[in-house]
Amino acid sequence: MQDLLTKFENLTIQSDFIFKKVMSRKRICKHLLEELLQIEIADINYLEAEKTLEPEYTSRGIRLDIIVADDKNTHYNLEMQVKNNKNPDTDTYVLPKRSRYYQALLDIDLLQKGQPYDLLPPTFIIFICVFDFFEQGNYVYTFKKRCLENLELELPDEATTMILNTKGTHGDISKDIKSFYDYVNNHIVTTDFTKQIDDEISYLKLDTKVRREFMLMEARLLDERREGIAEGEAIGIAKGEINANIATAKRLLSMGLTVQDIAKATSLPIEQVEALKAD
């Protein structure tokens with residue numbers, strides 16, 4: 001319990017939990033989008049965030065996305081990315097395919113059955129990364145689909161992916177976005193905007209309801225991790241037993257026992273024992 005309390009007190013904007021809570025404040029989220037895209041937004045409405053502000057502890061997972069729509073029906077998905085994760089099986093970074101998957105998730109909820117495709121609204125998938133994924137030093141990497149035969153030819157599907165690099169060193173960003181980067185990286189308050197964010201985080205940490213929500217969420221995630229470890233151990237034991245039975249079957253085959261007797265002794269299917277014999 002004390003460990004969870006300490007963890008809660010030490011949370012920063014890099015935490016998914018705190019990031020979502022802060023970006024659920026309309027004035028902060030709206031200003032971040034305006035400064036990032038250099039546009040004026042009259043208002044924003046929360047979509048997925050409204051449905052998941054209160055976590056569902058009976059579910060297998062808790063979505064931490066922030067999804068909002070502005071007054072022109074442009075949809076935005078914002079997410080904090082702290083680790084540049086790799087798939088250990090393929091040794092490839094997951095962020096590019098994650099962005100593709102998030103775009104698919106966003107689109108599938110925006111079009112009802114039978115509606116024409118041209119009703120899909122403009123979308124922005126925005127990852128706020130505390131690492132430079134492309135190692136080019138840009139503050140922002142913006143992606144749209146272009147024709148390889150003519151790079152000036154853009155596919156007008158109105159889907160944009162933005163990879164923000166808080167460790168960037170060059171590019172054209174506003175003073176408030178730069179101060180936001182500094183705040184994400186080093187908890188430095190340099191503008192009124194980052195002071196608003198810092199004040200909001202301080203307020204959240206004083207809210208007993210928010211603290212209780214975090215602790216319940218962490219307890220649920222801990223239970224899921226324990227269940228996953230137990231399942232993994234059970235699978236490992238089962239695989240170990242199968243391998244042992246196969247090894248035993250091979251020894252019995254070398255001793256000249258019949259396939260039927262070996263199948264009974266090892267609980268392996270007759271077909272599998274016959275395959276071992278054929279090998």
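Just after helix 9, S267 takes a positive phi of about 65 degrees. That is a value from a predicted model, as is everything else described here. Helix 9 itself covers residues 259-266, and its buried residues are V259, I262, A263 and T266. Looking down the axis of helix 9, these buried residues fall within an arc of 100 degrees, so they line one face of the helix.

Next come the contacts of helix 3, which runs over residues 26-37. One partner is helix 6, made of residues 175-186. The two axes come within 8 Å and cross at roughly 115 degrees, and helix 3 passes helix 6 in a left-handed crossing. On the helix 3 side, the contact is made by H31, L32, E35 and L36, while helix 6 brings in D176, I177 and F180. Sorted by class, that gives four nonpolar, one polar and two charged residues.

Helix 3 also meets helix 7, which spans residues 192-206. Here the axes come within 11 Å, with a crossing angle of roughly 145 degrees, and the crossing is left-handed.

Q38 has a relative accessible area of 58%, which is over the 50% cut-off, so Q38 counts as exposed. Leaving aside neighbours within four places in sequence, Q38 is in contact with L33 and S174. Q38 and S174 are 136 residues apart in sequence, but their C-alpha atoms are 8.3 Å apart in space.

With a relative accessible area of 12%, S99 falls under the 20% limit, so it is buried. Apart from neighbours within four places in sequence, S99 is in contact with F127 and T161.

Finally, the aromatic rings. A pair of aromatic rings is described by the distance of the centres and the angle of the planes. The structure holds 10 aromatic pairs. One of them joins F133 and F134: the ring centres are 4.9 Å apart and the planes stand at 80 degrees, so the pair is edge-to-face. F134 also pairs with F143, this time in a tilted arrangement, with 5.3 Å from centre to centre and 40 degrees between the planes. F133, F134 and F143 belong to one aromatic cluster together with Y93 and Y141.

Methods
Residues are numbered from 1 along each chain as its sequence is written. This is a predicted model: local features need pLDDT of at least 70, side-chain atom pairs count only at pLDDT 80 or more; totals for chains, interfaces and linings use all residues. Side-chain values use heavy atoms; hydrogens and water are left out. Rings of Phe, Tyr and Trp (its six-membered ring) pair if their centres lie within 6.5 Å; planes under 30 degrees apart count as stacked, over 60 as edge-to-face and the rest as tilted. Buried means under 20% relative accessible area, exposed over 50%, partly exposed in between (1.4 Å probe, protein chains only). Helices (H or I, at least four residues) and strands (E, at least two) are DSSP runs, numbered from the N terminus. The arc is that of the directions from the helix axis to the C-beta atoms. Axes are lines fitted to C-alpha atoms, for helices over the stretch in contact, and angles run from 0 to 180 degrees between N-to-C directions. A crossing is left-handed if the near helix is turned anticlockwise from the far one by less than a right angle, and right-handed if clockwise. Contact means heavy atoms within 4.5 Å. Ala, Val, Leu, Ile, Met, Phe, Trp, Tyr, Cys and Pro count as nonpolar, Asp, Glu, Lys and Arg as charged, and the others, Gly among them, as polar.
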